[in-house]
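Please read the account below alongside the sequence and the coordinates. It moves from a nonpolar core to a strand and then to aromatic contacts.

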Amino acid sequence: MQNENLVQISFFNQLMLVHPRKKQNERSEASVQVSEYFVNAEGTGDKVNLSDLLGTVEKTSGASNKTKKQLRNLQSSKETLELPLNKQQTEKIQRGIAYEKTTAEVSCWKNIILQNQKAEQMVFPLNQESSGPKRVEQVVAGWKVQTPLEQEIFRLLHGSRQPVNDPVLTPVEEQSLKAMSLEEAKIRRAELQKARALQSYYEAKAKREKKIKSKKYHKVQNKAKRKDFLKQFDEMVKTNPEGALEELKKMELSRMEERMSLKHQNSGKWAKSKAIMAKYDDSARKAMQEQLQMNKDLTQKMVVPSDDEHESIEEGLETVPDFVNDPETVIDPVNPWMRGQLTHEEPERRTRKRKSLENLKGRGKPASEVVEEDVVEVSDKEEEEDEEEDVSEFNTLFRLMRSEKTPGEEDEEGLLSEGQIRVRSIEDLEVLDEVVEPRAIEEPSAPQTAAAEATSEPPHKKKREINLKEVLTKEAKAVRLPFLPTVVDEEERDEQISIIKEAFAGDDVISDFIKDKSRQEAAGRPAVVDLTLPGWGEWGGVGLKPPRWKRKRFRIKTAPPPPRQDQKLPDVIISEKRTASVASHQVSQLPFPFQNTAQFESSIRTPIGSTWNTQTVVKNMTKPKVVTKLGAIIEPMVKEDFIKSKTTSAGDLVFLSNCPEKINFIIFFCCKP
Amino acid sequence: MKVKVLCRNPDDYVRETTRDIQRVPRNYDPTLHPFEVPREYTRALNATKLERVFAKPFVASLDGHRDGISCITKHAKSLSTIISGACDGEVKVWNLPRQECLRTVQAHEGFVRGICSRFCGTSFFTVGDDKTIKQWNWEAPGYGVREEPINTILGKAVFTGIDHHQREGTFVTCGQTVDIWDEQRSSPIRSFSWGVDSFSCVRYNPVETELLASCASDRSVVLYDTRESAPLRKVIMQLRSNTLCWNPMEAYYFTCANEDYNLYTYDIRHLDVPVTVHMDHVSAVLDVDYSPTGREFVSASFDKTIRIFPKDKGHSREVYHTKRMQHVICVRWSADNKYVLSGSDEMNIRLWKANASEKLGLLSAREKAATHYNKKLIEKFQHHPQVRRIARHRHLPGDILKQKRELREMREARRRKEQNVRKHSKPGSVPLLTEKEKHVVAVVE
């Protein structure tokens, strides 16, 4: 208690004391270093103890008991704080943290650097301005009126108060808006806005739909439109006859136009190409039919049907192959597919099959058509088989060709018939059998006969391969082509042959070659080295043979060399000797980046010159890796240009850049509705 | 009777205008152009030979200095201007296309230790042995007006190097400490020291502009970040690094030129092992500078040669030397990636082509296509012995060749010795070190 009083007294004294000689110093300017001489308070030298402060706290009534208690406890405790780390250690820790931070920051370049290293071509300086056309706004912004003519034009443009830059309203409109009352104006504005919005929606929609490439989609769309239109038209007739009349006029106009144009008359390039294809391709035929149908529809007179129709059809006939416009057969007047029949076969042949097919007719139309065609072909073959006895050579050849063709056709037909005939009952199945069976029998027979006739060998496929060994030894068969008109006379040819025979009378080139080859092969074969020493370790002398064990042990067989390259090529000799003059140009070891020789060889094999490649390919292949611009300074990379998300805090950036998967995940998460 | 006639569409062969090029119909059928590989090989061989025939890299020599060149700097905005500082304190500004000196300034007493250009190209800084940093205007003063620096700062110790920030008005000097200066102030805004008494070189990272690296006399390379209060890390090598250069296109790679005849490319994220050791010089490497594309760098050596290394290859692709060129002290790659400048002891600055056989000036489209094709051919057949032999052949002065052989012998002997030691000691006690690991002593955190 006494102590406290003493402190208080001393404090008072200090306050009361006035130093007349020492002037109070003041800081008048800001400086980095604050000197101890500038700022000083009285009693700076004295230490302030916790107890000094506690004394006053104890007396004040406002302070809570809890804090007082805590302070008292604090005073009584004797523990000291730990010493701070020494300077070296703190610095080391600081450096460690700073280094981690910097490396993390620098690693965000990783992807860019890798990308640049892998890039096929880098163009320096980076971030060049594109030399192509600029946007209108950019050009306009930098444009200044210079010549008097331009000035005049500019004045005119601005004087006329016409919207130059596509504003929403013209000045006149704005004025009229102003003239209205506020509410009216608001309503009008809302309307305008709505209209604009609707328009933009509509435009967007139209754009989107226009972009759709699907033909089917457009077809459906058009059909729907037509339907709508028809409905509207019907209504119009009732409600608004004048409008309907106008529509009618429009239709009439379109009819006239159609009659004038050749648009749907199958006379264009497309139609011609289709006409060629139509023989073989159903879809092409269909497309042509559709075109003609369109023409028909368009040229039909709405009110009174007249003779014009026939005329128009006749017009169309000129350029179209006749089978397309065949009159509809009596068999199936409803079926549009049957309009374009390929051939007019003998009717009795058809009727033979038709009975079995009749229940099919009612079902899928395309299927029936396919089956019909199929039947036609099959019947052809049958016919040919019947007449096989008295066929000429020409005919067999022809048949060979046909039989070769069959597999491809089969595939196609198989594809086509798939899914079209739906088998629902046993009867259906029977019908199917009938259709399929003749072919099933036919398939193996055709190639067999062909093979039998051509090579007179058993009809195994393997046997048909050319036996290389026999090429030279066998005599070639002379194939006679009867349909080729021969100019050379028989006598002349015989004469020539005799001359040639005479000239090469003694030569047997082929046997020479074979001998030569066998000699070379023999030379390459490993020889047996005999190392037996007769008489060593046993009796020796004339007439004594070394024993069997010795012969076995000392006759050494070297390993056979790798098979010759021409082993399987009977008419070739490939020398496998290494030529020294070429060796100096050959690569002896597999170079580094390549994994195997095949890879390396393929890299060499592809030529890159313009002798073998087109210009663009050459340009692409000889593209240099680094392209610089003449006389342009190449600045170092600028961080802001390459690493965009600088706005996020550095820590986040580092976190994100370190884990691309996470970024993907985040993006995915954001995109998810 | 139907007669079939060959007919061609005139659009295929008739030109639209007379100025249009003639159409040359060409058949690319491979059977008509046989022997692709042999023909291309011959072309490649010819291209290689021609490349060597036309390899004339020396362009010009700029003489005028009265002492050895100690430093060269490029103008930040102009390709045709360079500045050089000499050992007698003279600074010269050169015009390259005219090959003449535009301006001479007696900048310092004693060596000019470093020059750097301001990023905007309005002024440049020099430091010298007289403990001063001087800022000079790029514009020459008018006739009769004395050459005066814009600004002079007197430091406490000798400055040995200087570099300017890429975009801000701060620069860094090194001497006894690495100091960062604001252009407006006369005292450094921050100085770093880490128990080292002197630094020989300091460079700003051109991409990550707040990063710094310096070569210290205790055989170490120290990294700094100007935003941090302390240096980041240092790597101590077996011998001292003289200079270093950051890759301008790849933010975390730098290459330092070492006294042990090698150059080392480091990734600052993994300082314990250099990414590549570039070895070919036969004497201490004194300077290094990256090409602005970041694909190659050029190094100057005490062995009187300069060499061009691809950044990821261990050996040089080119060596330049002349009879009269002495120890090369400084080297720079021009900002358009076309030329290399070297300053050497015998007071000359030499201008070289970066690609020895490149044709200078504008090329016609056909010439360009031909050069591209030839380059591609050489690349395609580079592994063939003849092509490789011709492409790799360089003439070297006798003494360098001798030294090279000697070095190879020494290296071989060392390797043999190590092998023997390994053979005769406990297995595992003598570890097998790769060339990269051999040269780093420690990484200090």
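What follows describes a predicted model.

The largest nonpolar core holds 36 residues, and those touching the most other members are A:W109, B:L223, B:L244, B:W246, B:F254, B:Y266 and B:I268. Both chains contribute to this core: chain A supplies at least two residues from each of α4 (87-106) and α5 (110-118). From chain B, at least two residues each come from β15 (211-216), β16 (220-225), β17 (233-237), β18 (241-246), β19 (253-258) and β20 (262-267).

Further along chain B is strand β23, residues 296-301. Six of its six residues are buried, so the strand is largely enclosed by the rest of the structure. The burial applies to both faces: B:E296, B:V298 and B:A300 lie on one side, B:F297, B:S299 and B:S301 on the other.

The pairing of β23(B) can be followed strand by strand. Strand β22 of chain B (residues 285-290) runs antiparallel to β23(B) and is joined to it by five bridges. Within this pairing, B:D289 has B:V298 as its bridge partner. The two strands form a hairpin with five residues between them, and in the turn B:G294 has a positive phi of about 75 degrees. Strand β24 of chain B (residues 306-310) is likewise antiparallel to β23(B), again with five bridges. Here B:S299 stands opposite B:R307. The hairpin of β23(B) and β24(B) has four residues between the strands, and B:K304 takes a positive phi near 70 degrees.

B:Y41 is in helix α1 of chain B (residues 36-53), whereas B:F381 is in the loop between α2 (365-380) and α3 (385-392) of chain B, so the contact ties together parts 340 residues apart in sequence. Both B:Y41 and B:F381 are buried. Elsewhere in chain B, one aromatic cluster is formed by B:F125, B:F159, B:F171 and B:W181.

Rings also meet charged side chains. The charged end of B:K234 sits over the ring of B:W194, at 4.9 Å from its centre. B:R269 lies over the face of B:Y252, and here the distance to the ring centre is 3.7 Å.

Terms used:
Residues are numbered from 1 along each chain as its sequence is written. Chains are lettered from A and ligands numbered from 1 in the order in which they are written. This is a predicted model: local features need pLDDT of at least 70, side-chain atom pairs count only at pLDDT 80 or more; totals for chains, interfaces and linings use all residues. Side-chain values use heavy atoms; hydrogens and water are left out. A nonpolar core is a set of buried Ala, Val, Leu, Ile, Met, Phe, Trp, Tyr and Cys residues joined through side-chain atoms within 4.5 Å. Buried means under 20% relative accessible area, exposed over 50%, partly exposed in between (1.4 Å probe, protein chains only). Two strands pair if DSSP finds at least two bridges between them. Rings of Phe, Tyr and Trp (its six-membered ring) pair if their centres lie within 6.5 Å; planes under 30 degrees apart count as stacked, over 60 as edge-to-face and the rest as tilted. A charge sits over a ring if NZ of Lys or CZ of Arg is within 6 Å of the ring centre and within 35 degrees of the ring normal.
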